[in-house]
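Here is a short briefing on one protein model. Look over the sequence and the fold, then read the points below.

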Amino acid sequence: MAKDERFVKKITPKSEDFSRWYLEIIRKTELADYAPMKGIMVIRPDGYAIWEHIQRLLDKRIKDSGHVNAYFPLFIPESFLKKEMEHLEGFAPEVAWVTRGGQEELEERLAVRPTSEAIVGSMYAKWIHSYRDLPVLINQWANIVRWEKVTRPFLRTTEFLWQEGHTAHETSGEAQEETLKILSLYKEFVESELAIPVVEGRKTPREKFAGAMETYAIEALMSDGKALQMGTSHNLGQHFSRVFDIRFEDREQKLQYVWQTSWGVTTRLIGALVMTHGDDSGLRLPPQVAPIQVVVIPISLGNWKENVLPAALAIEKELQQAGWRVRIDAREEFTPGWKFSEWEMRGVPLRIEIGPRDIKEKRAVLVRRDVQIKESVPITELTSRVKEILREIQAALFDQALRFQKENTRTVSDYDEFKEVIESQRGFIRSWWCGDESCEDRIKEETMATVRVIPLEKNEEEAAGDCIYCRKKGRELALFARAY
Ligand SMILES: [Zn+2]
């Protein structure tokens with residue numbers, strides 16, 4: 001047991017130093033590692049397996065809602081980005097440039113894509129001619145480069161993976177409908193598959209995407225009380241279509257500019273999983289995206305290889321056939337106790353222990369990672385019980401995170417109280433805001449809190465209050481927080 005204890009003790013407790021805990025979890029559970037280049041990470045197989053489940057589950061939703069996948073180039077000519085100055089200026093500090101190809105100096109330098117509106121826009125101008133060509137509903141899965149000064153694995157890295165949707169529509173109404181449709185698709189996806197509750201809302205002009213008319217986002221509260229932006233959906237209006245001249249002949253044979261949207265989620269979602277559900281023993285992964293859902297551990301006592309191992313292998317096979325991602329850990333060099341804490345740390349949702357006594361009784365012991373509750377189940381009922389428990393774990397993780405979000409969302413109308421709450425408890429703060437950017441800026445300077453979103457969900461009975469900062473009449477009920 002002494003050995004087992006050491007194994008887990010190597011992780012700094014979450015309450016002691018959240019940021020260190022996060023970095024240690026990422027590295028010890030082998031989700032990611034630092035690459036030799038500053039600010040760049042390697043996503044290791046377990047981290048990538050989570051990404052593959054995210055891709056699979058989200059891609060299905062994207063396609064089921066009528067979108068198709070394509071691939072656009074990694075390189076974007078400078079002149080394309082320059083056509084739209086607001087957009088370029090928004091990204092300029094973070095753009096990586098290619099200036100040479102082999103030995104030759106390029107005539108025009110190429111940006112490594114920080115996002116693809118410009119290149120997509122230039123292609124849409126070639127492809128869209130008539131209202132019959134609309135809507136165009138394209139998504140791509142790709143990598144993105146933004147030269148970040150301060151980085152943290154999964155949350156902010158120079159290169160990351162994402163999906164970006166780019167759509168074009170006949171009318172403004174359709175573009176707005178698409179923007180909100182994707183926002184709620186993201187919310188449903190993140191809540192049901194990642195078990196992370198989110199708030200949907202609109203970004204303030206200060207926080208919106210460079211070139212967008214409106215940006216909407218889903219925001220989640222991490223377990224240290226800081227907010228994390230989980231995904232964005234932009235209504236681009238005709239901004240890019242005017243710049244890239246994307247016009248179509250409408251139903252009255254008049255030339256019109258298309259209405260566009262773009263939207264994305266990134267590998268940052270993996271960081272959100274860690275920070276929402278992880279505890280002092282390690283990861284707690286929702287079954288829907290866990291690389292391994294069930295680990296079977298034969299208890300190595302006596303002649304276990306003859307007695308126990310065959311039964312454990314049979315369980316593994318049966319669960320695999322039922323469609324679960326199962327792994328048996330029959331390593332001889334580790335004690336069962338060591339294995340328990342290792343798989344706990346790696347966040348496997350359910351552990352099945354089977355030893356000589358269980359074999360005699362034709363039973364096995366199931367241990368839930370989320371609440372550490374054990375139960376003994378007859379082997380004949382194992383498959384159906386595993387199905388039920390995995391569903392319970394998925395729901396329990398969501399409920400726990402939702403409870404945390406609710407307990408840490410406070411309505412505050414006094415600025416001194418606002419500062420006090422942000423400093424001591426963090427969390428989301430609901431406060432009225434006059435809509436002036438200067439109040440937003442001051443609040444940020446003084447408290448490091450920003451308006452995360454103006455929530456879409458409104459409580460109609462709630463009377464409008466005064467701006468938390470200037471005491472003028474409040475125009476928006478804003479959700480403030482310190483954020484990653
Ligand atoms: Zn104000």
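Which residue in β18 is the bridge partner of E353? It is V365. This is a predicted model, so local features need pLDDT of at least 70 and side-chain atom pairs count only at pLDDT 80 or more, while totals for chains, interfaces and linings use all residues. Residues are numbered from 1 along each chain as its sequence is written, and side-chain values use heavy atoms, with hydrogens and water left out.

- Two strands pair if DSSP finds at least two bridges between them.
- Strands of a sheet pair through backbone hydrogen bonds, either parallel or antiparallel.

- Axes are lines fitted to C-alpha atoms, for helices over the stretch in contact, and angles run from 0 to 180 degrees between N-to-C directions.

**A three-stranded sheet**

- Another open sheet has 3 strands in the order β4-β6-β5, with antiparallel pairing.
- β4 (75-77) and β5 (96-101) stand at its edges with a single partner strand each, so one side of each has no neighbour in the sheet.
- Neighbouring strands are turned by 45° against each other on average, direction ignored.
- β4 joins β6 (residues 104-112) through 3 bridges. I76 stands opposite A111 in β6.

- Buried means under 20% relative accessible area, exposed means over 50%, and partly exposed lies in between (1.4 Å probe, protein chains only).
- In β8 (residues 159-169), 9 of the 11 residues are buried, so the strand is largely enclosed by the rest of the structure.
- β7 (residues 136-145) pairs with β8 in the antiparallel sense over 10 bridges. Here I138 has H166 as its bridge partner.
- β8 also runs antiparallel to β14, with 8 bridges between them. In β14, S262 is the bridge partner of H166.

**Aromatic rings**

- Rings of Phe, Tyr and Trp (its six-membered ring) pair if their centres lie within 6.5 Å; planes under 30 degrees apart count as stacked, over 60 as edge-to-face and the rest as tilted.
- The structure holds 11 aromatic pairs.
- One of them is F18 with W21, a tilted pair at 5.1 Å centre to centre and 40° between the planes. Both F18 and W21 are buried.
- F18 and W21 are 3 residues apart in helix α2 (residues 18-28), which means about one helical turn separates them.
- Y186 and W263 form an edge-to-face pair because their planes are at 70°, with the ring centres 6.4 Å apart.
- Y186 lies in helix α7 (residues 172-193) and W263 in strand β14 (residues 259-266), so this pair ties together parts 77 residues apart in sequence.
- Y186 is buried at 1% relative accessible area, and W263 is buried at 2%.
- Y415, F418, Y469 and F480 form one aromatic cluster.

**Charges over rings**

- A charge sits over a ring if NZ of Lys or CZ of Arg is within 6 Å of the ring centre and within 35 degrees of the ring normal.
- K14 lies over the face of W21, 5.0 Å from the ring centre.
- The charged end of R109 sits over the ring of W97, 4.0 Å from its centre.

Note on methods. Helices (H or I, at least four residues) and strands (E, at least two) are DSSP runs, numbered from the N terminus.
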